Amino acid sequence: MIQLLETGAYLVNGLELIADNAEAIAAIKAKTGKEVRKEDAAKETIAYHILKEHNTSDNMDKLKIKFDKLTSHDITFVGIIQTARASGLTKFPVPYVLTNCHNSLCAVGGTINEDDHMFGLTCAKKYGGVYVPPHQAVIHQYAREMLAGGGRMILGSDSHTRYGALGTMAMGEGGPELVKQLLNQTYDINMPGIVAVYLEGAPVKGVGPQDVALAIIGAVFKNGYVKNKVMEFVGPGVASLSADFRIGIDVMTTETTCLSSIWKTDSEIKDFYEIHGRSADFVALNPGEVAYYDGCIKVDLSKVKPMIAMPFHPSNTYTIEELNANLLDILEDCEKKALVSLDGAVNFTLKDKVRDGRLYVEQGIIAGCAGGGFENICAAADILENASIGPDAFTLSIYPASMPIYMELVKNGCAAKLLQTGAVLKTAFCGPCFGAGDTPANNAFSIRHSTRNFPNREGSKLQSGQIASVALMDARSIAATAANKGYLTPATAFDGDFGKYQYFFDKKIYENRVFDSKGVADESVEIQFGPNIKDWPAMVPLTDNLMLKVVSEIHDPVTTTDELIPSGETSSYRSNPLGLAEFTLSRKDPNYVRLAKEIQLAEKAREEKACPVRKFAELEAAWSVMKTITPDADRSNTGIGSTIFAVKPGDGSAREQAASCQKVLGGWANIANEYATKRYRSNLINWGMLPFLIKEGELPFKNLDYIYIPGIRKAVEEKAEVIQAYVVGSASGDRKQIAFEMTLGELTDEERQIILKGCLINYNRV
């Protein structure tokens, strides 16, 4: 059902693919009667034209992007605005929407979350933004309904910022990148590769958008086929998909590690804009007569079957048919993989879910930006009509993605169909996706039409022995499973009919509740601060030399941002940099915070010119070795701090706190073989942390070793290709001096200045 081309590909007249080989140019000339150059054809993609329109530089290889609109939710907007205020913000220069869909419950931490909401409302008034109150819409559904437009670009501080199906190139990045836009700076990237996703055929009955998305993710995540590239959806199969179906595939492209996505648009998308009262925002988008792509994913929609992504990653995919046919073998394989993901911290089992040869699950969730769409929930209602989810352990919760969708489900009767089964219908909320809603019982197995199933997202607390696991599925197969009272069932087993439901969007809900400044700032408004909303601590510029202690060593193939800073109950502290930092790596490496804070005391003493620097015998020993390498190194020119090593950190969320929490605990750097996403690496840079790279193989250092990096400031200033470093000591005192090399990867001139200044705030203050 999925085929990855090993070469680039040409698309002729938007329909015919021709692989990039020796005969390609001749074949294209035979079909079009024109000579074609690859360099020219590469400029005929939809993505190229949108990027060119938004590029403020005169170089299409080195882009400097200005976005049309910005959007954030209540886990991220406080930190973003606080950073921008510290950097001189006076007014939002572009439309900026602040939604409240993550800390909506205001249950954990008392009034802490509601304080964040009031901060957001008063900032929207003061700086000229839009404020969407809790329970009205999840961030991405509001953006689809009210912000997207053909040919536009939107930047969001949530990683699933994807509106390509509506003709909008959208990107999810860490908060500092939004700060740059608020300060009239640019988003700087190299021209990304563009990969065609060529759709043909049409889905069979019972197959939904999550099934197609998981099939693609399973095919491209591990091999990095689309990493940091743009996925452009084309081909005759696009026409067979409704707008909601396309949106459901599109939002999951984040899990491929691509940079962004864009789709060709047609009458189906035109109808979407008309339904939402925004006809003028539709633009017909199509590739040129001959367009060249750097790769191609061919998808035969007719061959896609109901899918499931088993714990603990969206790329751990199987067809439900395959899983049911090889149940014990696949479950055993998942358990073995979990030993790596969970570090053996808990006794995790899945085989105990098998009852009479069938897989039993305890929970179903249809929610958020991926699952909470109108068509998904209507289809689930059709499957569940006159059924019962049963009185056993299995539960089913459904979260429509916005109040307008909720209203239509009530009006057309689908809400009643669902409620009579024993299912629960809830308001718009992202909690089930990040671990703050419908947390499963210990050892429970949940199936969800949401975006992620990482091991630490669903309320699991490994250090306390608490573990729950989540599999991703489409709403239709979740409903089919619910109709069978929790026994895993693909929706293709449903022999009934799906209704044709017309969607009517009622904007009065938003008109009655959403604050929209219309871009007018009111300087007289006083920002409302709660006691848990704190300013960023002061951060010093990069010193001439660095002495770093390795305080965590992670050898998982991929480390997610949820492992770097857990989601869930920690959300109550998102607006308190020091308070949140106490949770850093808490579920992955509980010793990290203590170790980082210990070495940070030495740096604080250095900054305050206190003497001695810090009574660590191991540090003093490392300091002595340092003096033999560079005799002129001393407290005035050598910073002291911590670093972590991870093989491939940064998969998943765009939350900047994965980096900033390390920074406020004295982190100066990360060392990695590779960074999982551009956004995590950008977060490190924007918080003044060095994104070191070291070649795969045996490490020259280990946890608790001291690494000395002489001349690091000069190396950053002079764009040194190789960074010389030395292991100069350890906690055990038995480590010999070892010289080794690292690199920093490509850095723009602006990124180098941010690192030299110590962080983005300092860069903009000076």
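1. Two strands count as paired if DSSP finds at least two bridges between them. Strands (E, at least two residues) and helices (H or I, at least four) are DSSP runs, numbered from the N terminus. The model is predicted: local features need pLDDT of at least 70 and side-chain atom pairs count only at pLDDT 80 or more, while totals for chains, interfaces and linings use all residues. Residues are numbered from 1 along each chain as its sequence is written, and side-chain values use heavy atoms, with hydrogens and water left out.

2. An open sheet of 3 strands has the order 3-2-14, with antiparallel pairing. Strand 3 (16-19) and strand 14 (290-293) are its edges, each pairing on one side only. On average, neighbouring strands of this sheet are turned by 25° against each other, direction ignored; axes are lines fitted to C-alpha atoms, for helices over the stretch in contact, and angles run from 0 to 180 degrees between N-to-C directions. Strand 2 (residues 9-12) is joined to strand 3 by 4 antiparallel bridges, and Tyr10 has Ile18 in strand 3 as its bridge partner. Helix 1 (residues 24-32) lies across strand 2, strand 3 and strand 14 and runs at about 155° to strand 3.

3. A second open sheet has 5 strands in the order 1-15-11-12-13, and its pairing is mixed. From one strand to the next, the twist averages 20°. Strand 11 (residues 194-200) and strand 12 (residues 230-234) run parallel and share 5 bridges; the partner of Tyr198 in strand 12 is Val234. Helix 8 (residues 209-220) packs on the sheet and touches strand 1, strand 11, strand 12 and strand 15 (295-300), where contact means heavy atoms within 4.5 Å. The direction of helix 8 makes about 35° with that of strand 1.

4. The largest pocket holds about 960 Å³ of space. A pocket is an open set of points on a 1 Å grid over the protein atoms alone, where a 1.4 Å probe fits, with protein on both sides within 12 Å along at least five of seven lines; lining residues have an atom within 4 Å of a point. Grid points are joined across faces, edges and corners, and the volume is the space filled by probe spheres set on the points. Of the 34 lining residues, Ser242, Asp244, Glu375, Gly499 and Lys500 are the closest to the centre. Helix 14 (374-384) is among the elements supplying at least two lining residues, and gives the largest share, 5 residues.

5. The second largest pocket has about 670 Å³ of space. It is lined by 24 residues, and Ile189, Asn190, Lys678, Arg681 and Glu746 lie nearest its centre. Strand 4 (62-65), strand 10 (187-190), helix 25 (678-686) and helix 27 (749-757) each give two or more residues to this lining.

6. Helix 6 (residues 139-146) has 7 of its 8 residues buried, buried meaning under 20% relative accessible area, exposed over 50% and partly exposed in between (1.4 Å probe, protein chains only). Among the buried residues of helix 6 are His140, Tyr142 and Arg144. Helix 6 also supplies at least two residues of the lining of the largest pocket.

7. Glu718 sits in the loop between helix 26 (712-717) and strand 33 (723-730). Glu718 counts as exposed because its relative accessibility is 55%. Glu718 and Arg752 are 34 residues apart in sequence, with 9.7 Å between their C-alpha atoms.
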